[in-house]
Amino acid sequence: MMNFDRLYRSAVLGVSNNTTIKNLVHDRAKAAVSRFVAGESLPEAVAAVEKLEQDKVHGILDLLGEMVNSDTEANGFTAEILSIFDALEAKPYPKYASIKLSQLGLDINPELALANAKKILTLAQKSGAFVRIDMEDSPRVEKTIEVFRTLRKDFDNVGLVLQAMLRRSEKDLENLSDLKPNLRIVKGAYLEPEDQAYPEKVVVDHQYRRLVYRNLELGNHTAIATHDESIIKDVKIFVEKSKIPPSQFEFQMLYGIRRDLQKSLAQEGFNVRAYIPYGKDWYAYFSRRIAERPANIAFVLRGLFQG
Ligand SMILES: Cc1cc2nc3c(=O)[nH]c(=O)nc-3n(C[C@H](O)[C@H](O)[C@H](O)COP(=O)(O)OP(=O)(O)OC[C@H]3O[C@@H](n4cnc5c(N)ncnc54)[C@H](O)[C@@H]3O)c2cc1C
């Protein structure tokens with residue numbers, strides 16, 4: 001039997017491709033969108049980074065856009081991502097961006113995504129910036145790992161994401177360990193078939209802890225990307241007991257979610273980063289945030305019906 005979380009997620013993500021709903025949300029739910037997305041332009045995103053810096057929370061800039069199917073679009077996104085490093089050039093705070101390989105052309109040809117990612121990493125390296133490759137849905141995982149493997153040969157300033165919900169992730173973590181990877185561990189935001197992903201939340205939460213602890217034990221830098229307070233509490237106990245230095249891990253959260261927790265962890269002295277999405281292609285990202293939490297649907301409905 002399908003559990004409620006999965007049923008809700010499939011209902012929201014299932015209609016997220018419906019053009020009528022998409023247009024309605026575009027026209028009438030902008031207020032709800034601005035809770036999760038910093039704006040449509042890079043200057044708005046940089047302003048969001050600077051606001052968070054006041055609370056000692058660093059930013060991760062993420063240009064929204066994914067699953068492109070033309071070279072022109074992929075090259076266009078690459079150029080826009082390159083402009084992030086120009087915009088951050090003289091800034092005194094840490095420079096950090098997240099990218100999606102399907103935004104750089106992965107679905108057209110992995111070589112195109114690889115070439116575009118190399119351009120991005122080369123400029124990022126010159127600017128002293130770090131680049132994280134987000135993990136997308138299960139059909140793209142293998143190709144994403146292969147591209148990461150190739151990039152890692154030439155670059156230190158690149159990291160990857162593993163999703164606790166995917167059955168394969170534990171094995172992926174072990175297989176990647178020769179690269180000493182900098183990994184962000186997330187629960188996973190996509191609707192996945194049961195042969196690929198654990199359907200029960202309690203199992204995903206258990207796997208999450210296992211992946212974090214294992215990557216830390218292997219001595220690798222780990223970004224603990226969750227808003228789940230009980231996991232954060234357990235990780236704090238684990239790092240203390242295992243004498244993991246603070247430089248080996250950080251907490252990451254999404255823009256607009258649990259700002260109170262972001263701020264309090266930073267005040268406690270932990271490294272904290274917020275993922276700041278911006279750009280015109282916010283719809284897919286926004287749908288995933290709504291799908292994650294039933295209470296969020298209220299914002300959207302309020303926007304739609306109040307107009
Ligand atoms: C920095 C960062 C980067 C990410 N990168 C990726 C990626 O590359 N690939 C990928 O598949 N996923 C990514 N994700 C999303 C991730 O997979 C989860 O979908 C998301 O983080 C929600 O899960 P959770 O760990 O917070 O736990 P949950 O158990 O879902 O939530 C725990 C608590 O967090 C709060 N919360 C969670 N989500 C929301 C929300 N949408 N709105 C309001 N409150 C919320 C609630 O209080 C909830 O009770 C990323 C997440 C973060 C924080």
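**Exercise 1. Find how closely the axes of helix H7 and helix H8 approach and at what angle they cross, then decide how the two helices are oriented and which residues join them.**

Solution. In this predicted model, the axes of helix H7 (residues 141-154) and helix H8 (residues 169-176) come within 12 Å and cross at roughly 15°. Angles under 35 degrees count as roughly parallel, and therefore H7 is described as roughly parallel to H8. The next step is the hand of the crossing, which for H7 and H8 is right-handed. On the H7 side the contact is made by Val141, Ile145, Phe148 and Arg149, while H8 brings Asp172, Asn175 and Leu176. Sorted by class, the contact of H7 with H8 has 4 nonpolar, 1 polar and 2 charged residues.

**Exercise 2. Work out which orientation term describes H6 and H7, and list the residues through which they touch.**

Solution. Begin with the geometry: helix H6 (residues 110-126) packs against H7 at an angle of about 40°, and their axes are 10 Å apart. The crossing of H6 and H7 is right-handed. From H6, the contact takes in Pro110, Leu114, Ala117, Lys118, Leu121 and Gln125, and these meet Lys143, Val147, Thr150, Leu151 and Asp154 of H7. When the residues of this contact are divided by class, 6 are nonpolar, 2 are polar and 3 are charged.

**Exercise 3. Describe the packing of H9 and H10 by angle and axis distance, and then by the residues that meet.**

Solution. Helix H9 (residues 201-217) and helix H10 (residues 229-241) pack at an angle of about 25°, and 11 Å separates their axes. Since angles under 35 degrees count as roughly parallel, H9 is roughly parallel to H10. As for the hand, H9 and H10 cross in a right-handed way. H9 supplies Asp205, Tyr208, Arg209, Val212, Tyr213, Leu216 and Glu217, whereas the residues they meet in H10 are Ser230, Ile231, Asp234, Val235, Phe238 and Val239. The contact of H9 with H10 has 8 nonpolar, 1 polar and 4 charged residues.

**Exercise 4. State how many cavities of 30 Å³ or more the structure holds, and characterise the lining of the largest cavity.**

Solution. The structure holds 1 cavity of 30 Å³ or more, and the volume of the largest cavity is about 30 Å³. The residues that line the largest cavity are Val49, Gly59, Ile60, Leu61, Leu88, Tyr93, Pro94 and Tyr96. Strand S1 (residues 58-63) gives the largest share of this lining, 3 residues. By class, the lining of the largest cavity contains 7 nonpolar residues and 1 polar residue, with no charged residues.

**Exercise 5. Determine the volume of the largest pocket and find which element gives the largest share of its lining.**

Solution. The space in the largest pocket amounts to about 1,200 Å³. Its lining is made of 47 residues, and those nearest the centre of the pocket are Arg9, Lys187, Gly188, Arg289 and Glu292. Among the elements that give two or more residues to this lining are helix H1 (4-15), helix H3 (30-36), strand S4 (158-163) and helix H12 (283-292). The largest share of the lining, 5 residues, comes from H12.

Technical notes
Residues are numbered from 1 along each chain as its sequence is written. This is a predicted model: local features need pLDDT of at least 70, side-chain atom pairs count only at pLDDT 80 or more; totals for chains, interfaces and linings use all residues. Side-chain values use heavy atoms; hydrogens and water are left out. Axes are lines fitted to C-alpha atoms, for helices over the stretch in contact, and angles run from 0 to 180 degrees between N-to-C directions. Helices (H or I, at least four residues) and strands (E, at least two) are DSSP runs, numbered from the N terminus. Angles under 35 degrees count as roughly parallel, over 145 as roughly antiparallel, 65 to 115 as roughly perpendicular and the rest as oblique. A crossing is left-handed if the near helix is turned anticlockwise from the far one by less than a right angle, and right-handed if clockwise. Contact means heavy atoms within 4.5 Å. Ala, Val, Leu, Ile, Met, Phe, Trp, Tyr, Cys and Pro count as nonpolar, Asp, Glu, Lys and Arg as charged, and the others, Gly among them, as polar. On a 1 Å grid over the protein atoms alone, a cavity is a set of points where a 1.4 Å probe fits but cannot get out, and a pocket is an open set with protein on both sides within 12 Å along at least five of seven lines; lining residues have an atom within 4 Å of a point. Grid points are joined across faces, edges and corners, and a volume is the space filled by probe spheres set on the points.
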